[in-house]
Amino acid sequence: MLSAFRHVTRILLITGAFLTMAGTAHAEAPDAVTQTVTDHAGALGSRAAEVRGALDQLERAHGIRLYVVYVRDFSGWNATTWADQTAAFSNLGRNDPLLAVATVERRYAVSAADGFPLSNAQMAQVAGQDIVPALQNGDWAGAAIGAAQGYGAAVAGTPDTGSGSAWWLAGAGVLALTGGGVYLYARRRRVSTAAKDLDTRAGQALVHTDDAVKTSEQEVGFAVAQFGEEAAQPFAEALAYARGELDQAFRLRQRLDDEVREDAETRRAMLEEIVRRCAAANARLDAESEAFDKLRDLEKQAPQILAEVRQAHAELVPKVAEVRRVMAATAERFADSALTPVHDNPDEAANRLEFAGQTLAKAQASLAAGESGRAVAQVLAAQSAVDQARRLLEAVTRRADDVRQAAAGLKPALEAVAANLSAAKALAADAAYTADLAPQIAYAESTATQVAQDVVAGGIDPIALLRRAEEAQATLDRAMKGVRDKKARQDQARGLLGQAMLTARSEIAATKDFITTNRGAVGSTARTRLAEAERMLAEAGARAGAEPAAALAAAQRADQLAQEAGRAARGEVSAFGPRGGRGGDALMGAVLGGILIDGMLGGVPRGGGAGQGPGRRARTPGSFGGQATRGRRGSGGAF
């Protein structure tokens, strides 16, 4: 094992080499593992047998089968999500935790099932004492061995001083010899790592909580349709509370991401509040999850729900062709870019429907075999897939309507710009205002002329052109703000507000649908921007009557944020990897849509079927509840 001093020296000597390797390393997307030790990074060398021996001992003594995966990097994925997806692909069960280590990227994650016998606090203690110190020292085998020993000690209830203790004791002598220099370096590194870990935890909390809220919202909708609003009221209230906490958390994240840089202490406090609010949202949903399951009583109602989903599936299948015709008709009149946010929706809807059809057949077979627990999981997955297909198809027709509405609004928008230009030119005739107004007049005139020429030429993107007309109007309005009568400014803003609200609503709706139906690949940044865009749009609506100028600014900001969210989300989906590429197979479409469930990838987990486990149930992502009742628990970060 390297000493602390050698560890630091090694970092200083080979950092450049690592950075070069990181840029060219083969990316490892999540995939199924079939053995307890998988070493794609060549990290273990001659110690692979030693690691397997420690894992075997843990399984013999405590029935826990620990899986360890070494890769060079996580292919741009969040570390915890990478580990969770690998566990799902591998069909790992209740007693099958997975430790994933990215040796070049220097990040790790642990994924464990909800019913795993150790608490989050116990797992964190094992990570802090037995895993992270070895990883920091480049002792890849020691991290796995430490994890196995730490989990064994925790399950047995014996004190564990941590496999990292010997390292720190040995390092103490080196620290004394080096006059404390290494200590100061290590201390600064720990502080930096803690800050990165907190930032990572906050990002993961936002993603997991947003997924929980989205899925719970879908499930409440199913419950309302089946039992009525009164029966579903408690769950709707829990959902409203969780959504409120999540909205506040997203606002904090947006503040952290804006141009104003907070000091370290303020940033830490804000990140901690994000984690707390997400925890509160999850806890509120989790508190109602058992009652929700009793309401739906899915094992008894599985045949009925299966029939309903089958009917909905049959009704949606022909609508894919109808929506393709709508897209084709829209594409004949307008530019391809007008339909960019929904371009892949028909293919993705067909993808979800294919998955639903396959899963419905499996559910029918499970019911016939008397495997009600498996059938419930399959019916829920099919139900979620059908609902996503419906959303994807509706998004296309809504976008087509928005495009036509924007096209109809171009003429009055250009007329408004022309009127505003006349007013601005009249003001600019006064030498006192010429210098202030001349550049804005030139920009607005040029923009309006170009928009008008594009309209005549045809093949336009009406929403994009309407946005440009709004920008010309807004530019003139800002320039004349100091020289115009307040009432005239408010009237001008009120006239422009409707156009701005249309473009913002359309962009937000398209982006929201994209993120919802691709949430398996979308991280916290896009979700944060979208949440802020929705908040700004709501603010615009609330202020439209009394403060049209402020409402206009809010609507324009909402549109900008929604565009940023869409670009970020599409980038993440594009980078999802070859298994999750657009137009992939039905199963991977379900992964992309966040429909992955326990037992769907090869059967019920080894730890037991639905409803088994001490006070727990085999949860699926397609169920009402927070993170504690939604499948696997994850943790990790930089080291």
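What pLDDT does the protein chain average, and what percentage of the residues score at least 70? After that, please describe strand β3 (residues 98–102) and how its residues are covered, together with the strands that pair with β3.

Modeller: This is a predicted model, in which local features need pLDDT of at least 70 and side-chain atom pairs count only at pLDDT 80 or more, whereas totals for chains, interfaces and linings use all residues. Residues are numbered from 1 along each chain as its sequence is written, and side-chain values use heavy atoms, without hydrogens and water.

The protein chain averages a pLDDT (the predictor's confidence in each residue, from 0 to 100) of 79, and 79% of the residues score at least 70. Where pLDDT is low, the predicted coordinates should not be read in detail.

Turning to β3, five of its five residues are buried, a term that here means under 20% relative accessible area with a 1.4 Å probe, protein chains only. L98, A100 and A102 point one way from the strand, while L99 and V101 point the other way, and all are buried. In the protein chain, which has 639 residues, buried residues make up 51%.

Strand β3 pairs with two strands (pairing requires at least two DSSP bridges). With β2 (residues 67–71), the pairing is parallel and extends over five bridges; at L98, the bridge partner is Y67. With β4 (residues 107–113), the strands run antiparallel and are joined by five bridges; here A102 stands opposite R107. The hairpin of β3 and β4 has four residues between the strands, and R106 takes a positive phi near 60 degrees in this hairpin.

For the chain as a whole, consider contacts between residues at least 6 apart in sequence: 78% of them join residues at least 24 apart.

How values were computed. Buried means under 20% relative accessible area, exposed over 50%, partly exposed in between (1.4 Å probe, protein chains only). Contact means heavy atoms within 4.5 Å.
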